[in-house]
Amino acid sequence: MVETKVPSKEKRGFYVKMRLLHAKNGRVQEKSCFFKYYKWFLWLSLSLYLFSSYFITNNNPPNKPTSLTKTHVSNAKNILASRALFESTNASHLQESTNDQGLLKDLKIFVYELPPNYNTDWLSNERCAKHLFASEVAIHRALLNSDVRTFDPYEAHFFFVPVYVSCNFSTINGFPAIGHARTLISSAIQLISSDYPFWNRTQGSDHVFVASHDYGACFHAMEDVAVADGIPGFLKNSIILQTFGVKYKHPCQEVENVLIPPYIPPESVRTTLANFPVNGRRNIFVFFRGKMEVHPKNISGRFYSKRVRTVIWRKFNSDRRFYLRRHRFAGYQSEIVRSVFCLCPLGWAPWSPRLVESVVLGCVPVIIADGIRLPFPSAVNWAEISLTVAERDVGNLGTILEHVAATNLSTIQKNLWDQRNRRALLFNNQVQEGDATWQVLLALAGKMDRSYESNSRGSRVSS
């Protein structure tokens with residue numbers, strides 16, 4: 001059966017117009033009367049056609065198109081379902097955002113203005129604000145510019161004590177030397193307790209400090225020394241923002257604490273993602289760059305990484321699926337963003353900056369640190385965006401990761417690439433909704449029972 005082609009409305013109008021123009025410029029002198037009626041007849045027909053088309057179209061039920069194939073129906077259902085899911089998800093997140101804003105609406109934090117030798121003098125070394133312990137600087141800066149900051153200490157719920165203790169870099173190996181931390185913080189407490197009444201009225205229970213080091217407020221990189229020294233008595237009643245956290249009992253977390261991520265400069269992340277999109281090509285299957293000792297004991301006789309990194313190097317160094325490097329490289333973020341799996345083994349402490357770098361650059365973190373506690377679990381669903389491999393199973397990494405790649409890798413990546421994860425793990429100089437400092441504020445808002453102002457206000461209301 002041959003289908004008759006009917007000119008479209010636009011072409012039909014053009015056809016009529018050309019006929020009329022031809023009529024004007026052709027032999028119409030002899031047939032002027034005929035062409036006059038012919039012109040009006042054509043315009044009348046066209047008008048009736050357009051009117052009837054409009055009437056028919058607009059009288060169809062809104063959800064029942066005039067003609068739609070089964071494929072189109074199926075696609076329409078899928079679109080509606082996707083839209084419903086999208087709107088439902090966004091409504092859920094909007095509700096969460098509204099709830100979070102409600103929690104922070106009345107929160108007030110007083111930031112002590114300490115002499116510069118406690119904080120800003122250390123910034124003469126620009127590395128102080130950029131290295132993995134620099135959350136102590138970032139949180140201070142963010143609070144100074146935050147809406148929760150109050151200049152009236154009598155209305156404050158919490159008091160932030162800005163002491164930078166991780167910027168004293170060793171001239172020998174370049175690592176932060178924190179042997180002065182206890183003395184510096186103790187001096188700051190003596191100062192604020194003599195100049196202000198707020199420490200003494202609660203013995204510091206509503207005062208907040210940052211301890212972004214290997215073993216938190218124990219202030220030592222070696223676990224045995226950190227445990228032996230313990231948390232100094234003058235901090236045991238305060239709130240510590242710390243990177244160290246484990247799921248079992250440990251002397252270095254026996255204090256009210258908020259677990260925070262290590263610091264990664266957000267500018268470096270933005271620069272990397274501008275050149276390598278998070279959903280771009282990933283041609284490295286398994287990646288790790290860092291310290292991997294050929295022999296498990298270092299000069300001090302201690303086992304680094306509990307031998308985990310040594311096993312990784314010995315077992316997979318010659319495996320083509322693994323891209324392992326033992327030396328520093330300034331552009332290593334460009335390697336992470338091109339990798340599928342990024343190994344995050346413990347070092348001296350369980351946590352590692354690779355946890356944050358992997359997530360924000362879209363590489364599935366493979367966490368190898370038994371019992372580690374991870375930051376901001378209410379904002380980052382770690383179980384859906386990462387893998388956890390027991391230290392004893394590190395020799396089976398190849399088999400484990402091949403299995404994941406063949407089964408649910410795409411689901412993990414989809415969850416991982418949600419930008420909310422990236423936002424929650426990065427500190428900014430100004431608080432942004434959902435960012436790492438925002439998560440800290442939410443955690444503090446949940447500790448109002450430690451606030452003198454909150455408790456005294458409740459007493460006044462009840463009386």
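## Strands, disulfides and a buried helix

In this predicted model, Val208 stands opposite Ile239 in strand 4. The exercises start from that pair.

**Exercise 1. Which strands pair with strand 3, in what sense, and over how many bridges?**

Step 1. Take strand 4, residues 239-242. It pairs with strand 3 in the parallel sense, over four bridges. Val208 and Ile239 face each other here.

Step 2. Take strand 2, residues 158-160. Its pairing with strand 3 is parallel too, over two bridges. Phe159 is opposite His207 of strand 3.

Step 3. Strand 3, helix 7 (residues 223-229) and strand 4 form a β-α-β unit, and it is right-handed.

**Exercise 2. Are the faces of strand 3 covered or uncovered?**

Step 1. Apply the cut-off: buried means under 20% relative accessible area.

Step 2. Check one side. His207, Phe209 and Ala211 are buried.

Step 3. Check the other side. Val208 and Val210 are buried. Both faces are covered.

Step 4. Conclude. Five of the five residues in strand 3 (207-211) are buried, so the strand is largely enclosed by the rest of the structure.

**Exercise 3. How many disulfides does a search of the whole structure find? Work through each pair.**

Step 1. Count. The search gives three.

Step 2. Start with Cys128 and Cys167. They are joined with S to S 1.8 Å. The angle about the S-S bond is 70 degrees, and the link is right-handed. Distant parts of the chain are linked: Cys128 sits in the loop between strand 1 (109-111) and helix 4 (135-144), and Cys167 in the loop between strand 2 and helix 5 (181-195), 39 residues apart. Cys128 and Cys167 are buried.

Step 3. Go on to Cys218 and Cys252. Their sulfur atoms are 2.2 Å apart. With -110 degrees about the S-S bond, this link is left-handed. It spans 34 residues, from the loop between strand 3 and helix 7 to the loop between strand 4 and strand 5 (256-259). Cys218 and Cys252 are both buried.

Step 4. Finish with Cys342 and Cys363. S to S is 2.2 Å. The link is right-handed, with 110 degrees about the S-S bond. Cys342 and Cys363 are buried.

Step 5. Write the pattern. With the bonded cysteines numbered in sequence order, the pairing reads 1-2, 3-4, 5-6.

**Exercise 4. Which cysteine sulfur is nearest to that of Cys344? Is Cys344 buried or exposed?**

Step 1. Find the neighbour. The nearest cysteine sulfur is that of Cys342, 6.6 Å away.

Step 2. Test the distance. A disulfide needs sulfur atoms within 2.5 Å. Cys344 is in no disulfide.

Step 3. Check accessibility. Cys344 has 2% relative accessibility, so it counts as buried.

**Exercise 5. How many of the ten residues of helix 4 are buried, and what covers them?**

Step 1. List the buried residues. They are Ser135, Glu136, Val137, Ala138, Ile139, His140, Ala142 and Leu143.

Step 2. Draw the conclusion. Eight of the ten are buried, so helix 4 is largely enclosed by the rest of the structure.

Step 3. Identify the cover. It includes strand 1, strand 2, strand 3, strand 4 and helix 16 (436-445).

Step 4. Link back. Strand 3 and strand 4, part of this cover, pair with each other over four bridges.

How values were computed
Residues are numbered from 1 along each chain as its sequence is written. This is a predicted model: local features need pLDDT of at least 70, side-chain atom pairs count only at pLDDT 80 or more; totals for chains, interfaces and linings use all residues. Side-chain values use heavy atoms; hydrogens and water are left out. Buried means under 20% relative accessible area, exposed over 50%, partly exposed in between (1.4 Å probe, protein chains only). Two strands pair if DSSP finds at least two bridges between them. A crossover is right-handed if, with the strands pointing away from the viewer, the path from the first strand over the helix to the second runs clockwise. Contact means heavy atoms within 4.5 Å.
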